[in-house]
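Here is a short note to read alongside the model. Please keep the viewer open as you go through the points.

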Amino acid sequence: MRKALYIFCAMLGVFASALIAGPASAVGYLDLPVPPPTDRIVIDVVTVNGSGCPAGTAAVAVSPDNTAFTVTYSQYTALVGIGATSTDWRKNCQLNIVVHVPSGFTYAISKVDYRGFASLEAGATALQKANYYFQGQSQTAFVTHNYAGPLGDDWQNSDEIPIASMVWSPCGALRNLNINTELRVAAGTSDPKKTTSFISMDSTDGALNTIYHFAWQNCP
């Protein structure tokens, strides 16, 4: 009887510890996401750094239904060849934002849609990579997408995160969300003295942008 009581108390202690630990254990993949809050979501852009997003060239907006936010770039292009400098082959952008969440909710990123345009000569290659993480938590792995010339078209990638792998913002705390993206292009076997190859996440008209989709959960 004492042994059974001991086991029960131990299990109760583990459960209590999970609740105290925060969303990683208490709100994690055991619960399905809930409908988004109806209160307006506000996003503050804390810092914008990187060769792909000079000051004033990246904007963040929340969708009216609180299901996503969009990052729009206007000068995010990596290129090699005619007209390119020695550093233009690689561009990156680091966004540091704070999502103000209504009381009683927490969120995770469930899916990211990346869009842009690539013009690659035969033999040239390019890649797009990205990751994100909350302040104080481990970084997610970079997800990379590769392209090869000849190519001259819009490109789009959708990275969907399984429920079990979603990283939730800590309940009741404002934690900065860090978003890192990178574009690279290489001349490969093409002739950079005669051609130009590039890949971009440019969006001067709002048509090409990056969309981060929210998953919502109630805090315990």
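1. Let's begin with Cys-219, which is partly exposed because its relative accessible area is 21%; here buried means under 20% relative accessible area, exposed over 50%, and partly exposed in between, with a 1.4 Å probe and protein chains only. Its disulfide partner is Cys-171, with 2.1 Å from S to S, where a disulfide is a pair of cysteine sulfur atoms within 2.5 Å. Cys-171 is partly exposed too, at a relative accessible area of 27%.

2. A word on the ground rules: this is a predicted model, in which local features need pLDDT of at least 70, side-chain atom pairs count only at pLDDT 80 or more, and totals for chains, interfaces and linings use all residues. Residues are numbered from 1 along each chain as its sequence is written, and side-chain values use heavy atoms, leaving out hydrogens and water.

3. Back to the link of Cys-171 and Cys-219: the angle about its S-S bond is -95°, and the link is left-handed. Cys-171 sits in the loop between β9 (151–160) and β10 (177–186), while Cys-219 belongs to the segment after β12 (210–218), so the pair ties together parts 48 residues apart in sequence. Strand and helix labels are DSSP runs numbered from the N terminus, with helices being H or I of at least four residues and strands E of at least two.

4. How many disulfides does the structure hold? There are 2, and the other one to look at joins Cys-53 to Cys-93, again with S to S at 2.1 Å. Its S-S torsion is about 100°, so this disulfide is right-handed. Cys-53 is in the loop between β1 (42–49) and β2 (58–62) and Cys-93 is in strand β5 (residues 90–100), so parts 40 residues apart in sequence are tied together. Cys-53 counts as buried because its relative accessibility is 1%, and Cys-93 is buried at 1% as well. With the bonded cysteines numbered in sequence order, the pairing reads 1-2, 3-4.

5. Now for the charged side chains, where the count comes to 3 salt bridges; each is a side-chain nitrogen of Lys or Arg within 4 Å of a carboxyl oxygen of Asp or Glu. One of them brings together Asp-88 and Lys-91 at 3.1 Å, N to O, and both of these residues are buried.

6. Which residue forms a salt bridge with Arg-90? It is Glu-182, with the closest N and O atoms 3.0 Å apart. This pair links distant parts of the chain, Arg-90 being in strand β5 and Glu-182 in strand β10, 92 residues apart. Glu-182 also forms a salt bridge with Arg-184, where the closest N and O atoms are 2.2 Å apart. Within it, Glu-182 is buried, with a relative accessible area of 6%, whereas Arg-90 is partly exposed at 30% and Arg-184 is partly exposed at 31%.

7. Finally, please look at strand β11 (residues 196–200), which runs antiparallel to strand β4 (residues 77–81) and is joined to it by 5 bridges; two strands pair if DSSP finds at least two bridges between them. Strand β6 (residues 105–120) also pairs with β11 in the antiparallel sense, over 3 bridges.
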